[in-house]
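Please consult the sequence and the coordinates alongside the text.

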Amino acid sequence: MSERINLSKDQLRSLQLKELELLKYFRDFCDSHDLTYYVCGGCLIGALRYGGFIPWDDDADVFMPRPDFEIFIKEYQKENPSERFVLLNETDETFTRNCFPTLVDTSATLIKNYQKDLDIPHGVAFDIFPIDPCPSRKTQRYAQHFWCIVYSLFRAQTIPEKHGGLMSLGSKILLGIFRSYKTRKKIWKFAEKQMTKYDIEDCELICELCAGPRIMRNEYPKELFESTTEITFEGEQFKAMKGYRRYLEIAFGKDYMTPPPKEEQVISHDLAYIDLDSPCPRKGTK
């Protein structure tokens, strides 16, 4: 496998169509279980700009309110409804280097560089992000940030490379001190409880805690998420938050409908290997 690969236009489109199958399958499961989700991020921008995928985008993402998110994980793992679509979430048996669960299409093979040494099904992955209430008091919000960083570090167990030298050094020291998986799991489980302990009834804002140190600072009025609306994406109907335009302005700026410069229109994920015609091994990279 090469260290990094570039996709042809046809490969990218084939990958997008695999992601669309994942998204449709996830939608249908949520609808059948009366669970709330919202398409978000680049998927939502693509729906508004292009009626589908951003031409250079290679994945789709969704939000779920924390209660629906927890029910989804519990019900999907209990029912295990599909051999093709496998839910990967952090357990004693599964380590993904992610801070969120992924739904994986095992009918294809796609390996990301940061996961290429892991013993997991390396299929086309679809990210599911919980959203949580965030407190208005600054001291409580700072504490939530702190516990979120602790959670992310000890769950992913990876030294961050894009958030400054100080954070990288501190992360390296902490992971060096706490080397046992059991200890690390206890730490991130405790941190998760601390960062998600706020009641939606007592909060006016919503945040996304599992999307990285910068994005976790975003704060959205909770009324934006109090109901859903239908949007068209690749000819299919999916749910978005009712206040999706205000959400996008806060997350991406008021010019979110303006494409970036040509040189920035590139795939964001670092891929090590792709074969969309071959099923992936249930575990490992061989």
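The model is predicted. Among the helix pairs described, H4 is roughly antiparallel to H6, H2 and H7 are oblique to each other, and H1 is roughly perpendicular to H3.

- Helix H1 covers residues 9-32, that is, 24 residues.
- From its first C-alpha to its last, H1 reaches 35 Å, close to the 34 Å expected at 1.5 Å a residue.
- After H1 comes Asp 34, which has a positive phi, near 55 degrees.
- The axes of H1 and H3 come within 11 Å and cross at roughly 100 degrees; an angle from 65 to 115 degrees counts as roughly perpendicular, and H1 is therefore roughly perpendicular to H3.
- On the H1 side, the contact is formed by Tyr 25, Phe 26, Phe 29 and Cys 30, and H3 contributes Phe 72, Glu 75, Tyr 76 and Glu 79.
- By residue class, this H1–H3 contact holds six nonpolar, no polar and two charged residues.

**Salt bridges**

- Side chains of opposite charge can pair when their charged atoms come close.
- The model has a count of 14 salt bridges.
- One of them joins the side chains of Glu 21 and Arg 84, with an N to O distance of 2.8 Å.
- This pair connects distant parts of the chain, 63 residues apart: Glu 21 belongs to helix H1, whereas Arg 84 lies in the loop between helix H3 (66-79) and strand E3 (85-88).

**Contact of H4 with H6**

- Helix H4 (residues 138-156) and helix H6 (residues 181-195) have axes that come within 8 Å and cross at roughly 150 degrees.
- Angles over 145 degrees count as roughly antiparallel, so H4 is roughly antiparallel to H6.
- The crossing in which H4 passes H6 is left-handed.
- H4 contributes Gln 144, Trp 147, Cys 148, Val 150, Tyr 151, Phe 154 and Arg 155, while H6 supplies Arg 184, Ile 187, Trp 188, Phe 190, Ala 191, Glu 192, Gln 194 and Met 195.
- The residues of this H4–H6 contact comprise ten nonpolar, two polar and three charged.

**Contact of H2 with H7**

- The axes of helix H2 (residues 41-50) and helix H7 (residues 244-252) cross at roughly 120 degrees and come within 11 Å.
- H2 and H7 are therefore oblique to each other, and H2 passes H7 in a left-handed crossing.
- Gly 41, Leu 44, Ile 45 and Leu 48 of H2 meet Tyr 244, Arg 245, Tyr 247, Leu 248 and Phe 252 of H7.
- The H2–H7 contact residues are divided into seven nonpolar, one polar and one charged.

Key: Residues are numbered from 1 along each chain as its sequence is written. This is a predicted model: local features need pLDDT of at least 70, side-chain atom pairs count only at pLDDT 80 or more; totals for chains, interfaces and linings use all residues. Side-chain values use heavy atoms; hydrogens and water are left out. Axes are lines fitted to C-alpha atoms, for helices over the stretch in contact, and angles run from 0 to 180 degrees between N-to-C directions. Helices (H or I, at least four residues) and strands (E, at least two) are DSSP runs, numbered from the N terminus. Angles under 35 degrees count as roughly parallel, over 145 as roughly antiparallel, 65 to 115 as roughly perpendicular and the rest as oblique. A crossing is left-handed if the near helix is turned anticlockwise from the far one by less than a right angle, and right-handed if clockwise. Contact means heavy atoms within 4.5 Å. Ala, Val, Leu, Ile, Met, Phe, Trp, Tyr, Cys and Pro count as nonpolar, Asp, Glu, Lys and Arg as charged, and the others, Gly among them, as polar. The expected span of a helix is 1.5 Å times one less than its number of residues. A salt bridge is a side-chain nitrogen of Lys or Arg within 4 Å of a carboxyl oxygen of Asp or Glu.
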